[in-house]
Amino acid sequence: MTSPETELVRVLDQDGRFTPSPAAERYLPLIEAISDAELEQFYSDMVAIRAIDTQATNLQRQGQLALWPPSRGQEAAQVGSARAARAQDTIFPSYREHAVTRIRGVDPVDIIKLMRGVSHGGWDPTDPKNGNTRLYTLVLGSQVLHATGYAMGLNFDGRSGTGDPERDEAVIVYYGDGASSQGDVHEAMVFAASYQAPTVFFLQNNHWAISVPVSTQSRVPLVERSAGYGIPSIRVDGNDVLASYAVSRIALDEARGGAGPRAIEAVTYRLGAHTTSDDPTKYRGSDEEQSWALRDPIDRMRAFLENRGASAQFFADVEAEAADAAEDLRARSVELGAPTADKIFDHVYSDPHPLIAEQKAWHKRYEASFEGDGK
Ligand SMILES: Cc1ncc(C[n+]2csc(CCOP(=O)(O)OP(=O)(O)O)c2C)c(N)n1
C-alpha cells in the first residue's frame, strides 16, 4: 500500500529532465524561484566535494589517514539540504556529511585531522566560521538525541517560533538507515514530537548499514518510522539536488516557524565502500552498484544545466576549481604532523581533573624513562 508519506518527491529524472513527480507539486513554486547562480552553486558544490572526497580516500590509501568514510553518491542529498538551511540554524552531522560541513564553512582539512587522529574533534563548533556545525559523531544515532535536546532548548529560550524568520532557529540532524534502528533515534523522535521541538530529522537512506541491507532493517519504508511518532515525514529522491533542497527548505521553514519537528527520508545510494576499511564486493552485487551509478546525482544535475544552456567553459571552470580544492587539501594534509602526547590528556575534560592530571604525569615519567636508553 502506498501512503502519502511514501510518495517520492522528485523533479529531475535520471537523465536530468525536469519531470516532477505528483508529490513534487507543492514544491514547484520554490524550485522555479531558484536563481541560475544558485543552480550553478549546487552543481559546483557537488563536484568540489567529490574531488575532495576522492583525494581523502587516496590519502588514506597512501597511509596518511587512519580511515575515511566516502560520501560518493550522496552529494545531492547533502548539498540540497545544507543549502536550504539558514545561517542561524544548527547542524548536527553524523560522520559522512563532508558536503554539508564544507558548505557551512568547516575546512575539509579539519575532517582530515579527525580521521588522521591528530585531533579529538576536528573543529571548534563554537567558532562562527564553522557555521553552527557540531562535531562529527561516530556513535550511531547519538547526535539525533543531542540535536533534539538542543532544539528543545531553542524553544525554552524563545529562539524559535517567534514569528520572525530572520531570527528564528531550527536544527537539522543527519543520520543513516542503520542509525534509524538505534534506540537513541526513537527516543529523540518521541521527545521532539512531544515538545514540538524545531528539529528536522534528515535520514540518508544509502541502502546499506555497512553490510546489512535496509530491507533487513525495516519492514516498512523508513519514512514511516518518523511518521509513526506523529512527525510529518517526506520521502525525497536523494539523488536529485533540487528536490532535496526544496523539501529541506520547507521542512526547516516549518520547524523554525513553530510547527514542530519534520522528517525527511532521502533515498540515495552509497556508491563506494562504507569506509576505506570495507570491501563492498563481499556483500553486494555489481548490478546493483551499476544501476545506481546511472542515477549519479552529479551527472543528473549536469545534464539539467546543459539543457538550460550552461556553457562548456562553466563546466571546465568548476572542474578546475574542484581540482585545486583537492590539491590544496592534499598539500595541507600531509603537513599536519603528529600531535603532542599532552593533547590526549588536555581535551578529556574542560576543567582540570585530578585523575587525568595524575595519568598525564605518569605518562611523562614513562616517556622520560626512555631517555638515554641504549647509549
Ligand atoms: C552505537 C553504534 N553501534 C554500532 C556502530 C558500528 N557502526 C559504524 S557505522 C555502522 C553502520 C551505519 O550505517 P548507517 O546508519 O546506514 O550509515 P552509513 O554509514 O551507511 O552512512 C555501524 C553498525 C557504531 N559506530 N555505533
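Biologist: What counts as a helix or a strand, and how many are in the protein chain?

Modeller: Helices (H or I, at least four residues) and strands (E, at least two) are DSSP runs, numbered from the N terminus, and the protein chain has 15 helices and eight strands. The radius of gyration (over C-alpha atoms) is 22 Å, close to the 21 Å that the globule rule (2.2 Å times the number of residues to the power 0.38) gives for 375 residues, so the chain is as compact as a globular protein of that length. Residues are numbered from 1 along each chain as its sequence is written. In this predicted model local features need pLDDT of at least 70 and side-chain atom pairs 80 or more, while totals for chains, interfaces and linings use all residues, and side-chain values use heavy atoms, with hydrogens and water left out.

Biologist: Which residues come nearest to the ligand?

Modeller: A residue is near a molecule if one of its heavy atoms lies within 4 Å of it; of the 15 residues around the ligand, Tyr95, Arg96, Leu138, Gly178 and Ala179 come nearest.

Biologist: Which polar atoms lie by the ligand's oxygen and nitrogen atoms?

Modeller: A polar contact is a pair of N or O atoms within 3.5 Å. A polar backbone atom of Leu138 is 2.8 Å from a ligand nitrogen, a backbone N or O atom of Gly178 is 2.7 Å from a ligand oxygen, and a polar side-chain atom of Asn206 is 3.0 Å from an oxygen atom of the ligand.

Biologist: How much of the ligand does the protein bury?

Modeller: By the Shrake-Rupley method with a 1.4 Å probe, the ligand taken alone exposes 590 Å², of which the protein buries 71%.

Conventions: Polar contact = N/O pair within 3.5 Å; in protein donor to acceptor, adjacent residues only side chain to side chain.
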